[in-house]
Amino acid sequence: MLFRSIEYSHFVSHGSRTQLGTQLFGTRGLIQGCFTHIVTFGAWQTLEVAHLLATLQSTAQHLYCAHEQPMFDENAVNAAYGVHSVHADPALCLDALQALVPLKRVCVAYDPCTTYHAIAAAMEQQRQRVHAALTARGIAVVYHHWTSEQMREHDLHTKLAGVDAVITLRDPAAQVHNQAVVDLCTHTQTPLCAFDRDSVANGAAIGCGIARGQYGAPLAYQLVTQATQRPEEGPVAPYQLTETPVVRFNPYTLTQQGVTLTPAQQALLQMKSVFDE
């Protein structure tokens with residue numbers, strides 16, 4: 001039997017770099033080297049912890065789960081393996097949204113991550129892909145910048161009056177503000193399209209992406225592989241989850257957010273592929 005028992009501690013950052021740092025630096029076990037493994041969820045959290053482990057010269061093995069592959073610096077020698085996802089073309093989700101809602105102007109809400117320099121480039125690439133897909137369809141784009149600490153709800157509410165839908169990207173703030181955005185879109189009858197699957201389950205009208213639960217099995221495999229292989233076999237390679245090109249919708253909130261379905265659309269939404277579960 002590989003593991004007879006496992007002792008663990010967990011920390012919640014709530015999207016705050018300050019709160020994460022305070023908790024970690026206040027953890028006696030981390031400073032004294034009592035942990036053999038550190039698992040982080042999210043790209044910026046992973047990079048923050050990698051920097052801390054390098055500062056402490058920790059020998060703990062660092063695993064990560066992230067929507068985007070974290071870009072480590074040369075000092076983060078322990079953060080060499082984990083699970084990240086490879087995302088499908090945003091055009092797939094936008095085509096489905098446009099089939100349900102006539103789109104002339106949309107609001108894209110996202111965090112440019114200017115305070116998280118290591119993931120700012122990945123966020124900009126994501127924004128550019130979505131922007132290109134929207135403009136290629138002749139759809140005008142209005143941007144709403146938020147952070148994990150500040151949603152700027154009044155400003156977003158004002159922008160919703162002049163758009164046909166709201167789109168959220170894969171960023172830390174979107175997860176923090178998900179419920180508030182769902183409530184606002186329901187109140188204003190504005191469809192919400194999300195680029196992560198959990199947001200659809202939590203109330204977005206439509207979206208695509210990888211659910212957080214899909215990272216579990218690959219992460220466990222990474223942990224077991226690292227614990228059992230010999231040092232001469234080298235580091236464990238990162239595991240890539242490839243997003244299934246499938247668009248999801250939430251039947252409970254779709255109509256609540258102002259989408260009026262024709263009988264033909266209702267019939268199509270009830271269809272399932274022979275390969276679906």
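The sulfur of C107 lies 8.7 Å from the closest cysteine sulfur, that of C185, which is too far for a bond. Under the rule that a disulfide is a pair of cysteine sulfur atoms within 2.5 Å, the count comes to zero disulfides, whereas the structure holds four salt bridges. This is a predicted model, in which local features need pLDDT of at least 70 and side-chain atom pairs count only at pLDDT 80 or more, while totals for chains, interfaces and linings use all residues. Residues are numbered from 1 along each chain as its sequence is written, and side-chain values use heavy atoms, with hydrogens and water left out.

**Cysteines**

- C107 is buried, with a relative accessible area of 0%, where buried means under 20% relative accessible area, exposed means over 50%, and partly exposed lies in between (1.4 Å probe, protein chains only).
- C65 is buried as well, and its relative accessible area is 5%.

- The side chains of R137 and D95 meet in a salt bridge at 2.8 Å, N to O, the term being used for a side-chain nitrogen of Lys or Arg within 4 Å of a carboxyl oxygen of Asp or Glu.
- This pair links distant parts of the chain, since R137 sits in the loop between α5 (117-135) and β5 (140-145) and D95 in helix α4 (residues 90-100), 42 residues apart; helices (H or I, at least four residues) and strands (E, at least two) are DSSP runs, numbered from the N terminus.
- R137 counts as partly exposed at 26% relative accessibility, and D95 also counts as partly exposed, at 40%.

- R127 and E124 are joined through their side chains by a salt bridge of 2.7 Å, N to O.
- Both R127 and E124 belong to helix α5, where they are three residues apart, about one turn of the helix.
- R127 is buried, with a relative accessible area of 16%, whereas E124 is partly exposed, with a relative accessible area of 30%.
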